[in-house]
Structure formats: structure tokens, C-alpha cells
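Biologist: Could you walk me through this model, one question at a time?

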Amino acid sequence: MADVPESIVVTEEPIELPVAELLTGRGFITGKSGSGKSNTASVIAEELLEIGLPMLIVDTDGEYYGLQERYEILHATTDEQGDMEVGPDDAERLAGLALDGNVPIILDISTYVDPSEGTELITRVLREIFRMEDARRKPFFLLVEEIHEYLPEQGAHGKLGELLIQIAKRGRKRGLGLCGISQRPAAVDKDFITQCDWLVWHRLTWKNDTNVVRQLLGADAAKDIQDLDNGEAFLMTDWNDSIERVHFRRKRTLDAGATPDIEAVAGGPSESLESDVLDAIAIEDMEVEPSSTAQADPKSRQIQRLQHRISELESELERARQEPQPEVHIEPSHNGEVSQLAKGLTELGSLAAHTARSIYGRARLTAVGLRRRFAANDQSQ
Ligand SMILES: Nc1ncnc2c1ncn2[C@@H]1O[C@H](COP(=O)(O)OP(=O)(O)OP(=O)(O)O)[C@@H](O)[C@H]1O
Ligand SMILES: [Mg+2]
């Protein structure tokens, strides 16, 4: 580990976070929905991946696959959408890949409809990692979204909760770090929160949650936390006595969990969105030379159909651009209604842009995956 830097910086303020503490300690990232938790977890993951450190991300909402844009990280899914389809029986294989193969993994359970299936899969995989780490003692980072589901403040912990407590208490000696993420600090087992070595507090507004902030960070923070911007947070660490107000940077890779951005679509299509869409249409990665083997493959035909459809859409877009805009006369008495309608349309446009970005992200990753498979097929011919 000679080349591993001692610290990383993920905030606009150049605050150094010690890599060893992050990798093998216990962390907690909290804040209300949309406050920036997953972004913060992602920027930490990006920096650790940049250094080549191993990790497993338990992804409940299918929002971390964007990391594949830049990093070699396995997207394990419970259907055929990812790089590898997995179920509880693959736990040992996944743990082996992670610890012996040094393969960073996103364990994406978002496609399970029944939450108990997801819990079973996570339990089996984490148990296997914890067991193997007893002998291996490799620094390894675990990131778990929605940790209140498994470590609730009220009620008994299930098997996964007990395992997470065990990892939190005994993981460090085995090299195993754990970072839990939750929207509701009041709903998370306080034994876990108070044992954490580093905590990130994004915006919180519910009284029960701000009460937790009052107890742990003080009255001023409990008041100020309600007005934090997205990505802003109070950072509390064992290695620094003071509580700092910081701005986390945005993730470099695709934000698959992005909140629809209303301002980006207000007043017509923005430059960046337009180029995003054009990029999506270009999809360079999909320019697969169809070999005779590939011709016969249904996936290849599907790609060709998509490319054809993309050309059609490009032409339609060009035609739409050249069409003159109709002149609209609005009676002053209808101004209120028109403004409401415009607001509704803007929100709809924003939602459509969000969906398009998300589909674009998936399409690009599928295209990259298909290209790899074609290359492998061609080589084996
Ligand atoms: N550091 C940041 N700087 C600027 N904007 C940010 C930052 N972090 C997040 N955002 C904005 O907030 C949105 C929501 O962020 P994120 O998905 O991380 O929220 P979250 O807290 O994980 O929400 P949820 O609980 O619903 O999963 C992002 O799509 C982005 O638009
Ligand atoms: Mg999130």
C-alpha cells in the first residue's frame, strides 16, 4: 500500500479525511431526502476507488451504477441488468471476488420487490465478508444505504442488524470499515450512531431528528442544520475536536439518483441538457462493427435497430429546431392560469429530463457491457 495517500479531500474546504479511518472505522451519513447523502457517500467512494481501494456498496435504490463511468466496479444485480446476476447463494462468490479478487462491488438490490429478499442477500454477503476477514484482515470499506431498516432505534434487530452491530464493534480489528446512511437519525439505533468515528449531518428539519442533533452537536447546530443547502453538512470526526460546516463536492460520475432540476429546464432547453441529449444520441460506445457472428445475434440486431431509431430521432430534432415558433397571445386576465400552467410544464419537463438522463446512463452502461461481450465473442471465434 506504498502509494496510498494518507488522506483524501472531498469538500470545497480543503479538509483532509484520513484514509485509514474511513476505510476501517465507522461512519454515519444522515440528512433528509435530497440533502446530499448519496452524493457525499459517492464522492468518498470515488476518492477511494481512485486510489484503488476495495469496497462493497449496498445500493437499495439502484443509484450507484454511475460509478462505472469512471471506475472498474462490478455492478451485481438481482436481475440481468448488471454485470452479474446474483442471489443469496452467490454470497461466498461475491465475498471471494471482493476480498481475494480485490474487485469493488455495488450490490444493487433495487429490483427486489420483497424487502426481505434484499435483507437475506445482504446478510449472506456481509456475513461471508466478515467471516473471511477474520483470516485476511484486509482493509475493506462497506457502505450501507437505508441503515435504519436494519438498525432501527425501536424494536428488535433482525439477523442483519445484529451482524452490522458485530461489524461495527469488531470490524476494525479485521480491517472492515462500515458507513451507514439514513434519512432519519431519530430512527437509527443510537448505540450505532454514538459509536461512529466520523459523522456527516446534512439538512434535517423534523423535530425528532433535530433533537438528536441538539443532543450530539448542540443547540446552535440543531437550529442551523435546518437551513443547510444540498451538499452542505456538519462534519464531526474523532480525529478533529471541532465540528465543521462543510460543502461536499459533486460526484464526478453520473448522478443516477439526481433530483429533477426545475431551473435547468425553465426558459427552454439548456445548453448542457441539449449536449447531454446529443451525446446520448451519438452513443459512441454503441458503434459496434457488426461481424458475421454478431449479425446473427439478437442483441446485435437490437443495437442496429436502436442506432436506426437514434438517426430518426436526430432528424426529427433537427426538423423541430428549424420550425418557426407559433406566436401566442394571452389575455392579461389569464396571466395567473398561464403562469400556473407554465410552472406545471416546467416541472414536467424537469421530470422528463431526469428520466432521460437516467435512461441515458443505463443505455450507455448497457452499450459498454454489450461491446465487451461482442469483443469476448469475437476473440473466442
Ligand atoms: N455536494 C452537493 N453540491 C450541490 N448539489 C448537491 C450536492 N449533493 C447533492 N446535491 C443535489 O441534491 C440532489 C440530491 O442528492 P442525493 O441524491 O445525494 O440526496 P440524498 O440525501 O441521498 O436523497 P435520498 O434520501 O432521497 O436518497 C442531487 O441530485 C444534487 O442535485
Ligand atoms: Mg440517497
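Biologist: Which residues are the closest to ligand 1?

Modeller: This is a predicted model, in which local features need pLDDT of at least 70, side-chain atom pairs count only at pLDDT 80 or more, and totals for chains, interfaces and linings use all residues. Residues are numbered from 1 along each chain as its sequence is written, while chains are lettered from A and ligands numbered from 1 in the order in which they are written. Around ligand 1 there are 17 residues, a residue being near if its C-beta atom, placed from the backbone, lies within 6 Å. The closest are Ser33, Gly36, Ser38, Asn39 and Gly231.

Biologist: How many residues of the shell around ligand 1 are polar?

Modeller: Ala, Val, Leu, Ile, Met, Phe, Trp, Tyr, Cys and Pro count as nonpolar, Asp, Glu, Lys and Arg as charged, and the others, Gly among them, as polar. The shell has two nonpolar and three charged residues, and the number of polar ones is 12.

Biologist: Is Asp83 buried, exposed or partly exposed, and why?

Modeller: Asp83 sits in the loop between strand 5 (74-77) and strand 6 (84-85), strands being DSSP runs (E, at least two residues) numbered from the N terminus. A residue is buried if 20 or more other C-beta atoms, placed from the backbone, lie within 10 Å of its own, exposed if 12 or fewer, and partly exposed in between. Asp83 has 18 C-beta neighbours inside 10 Å, so Asp83 counts as partly exposed.

Biologist: What separates the C-alpha atoms of Asp83 and Ile73?

Modeller: Along the chain, Asp83 and Ile73 are 10 residues apart. Their C-alpha atoms are separated by 9.5 Å.

Note on methods. Helix = DSSP H or I, 4+ residues; strand = E, 2+ residues; numbered from the N terminus.
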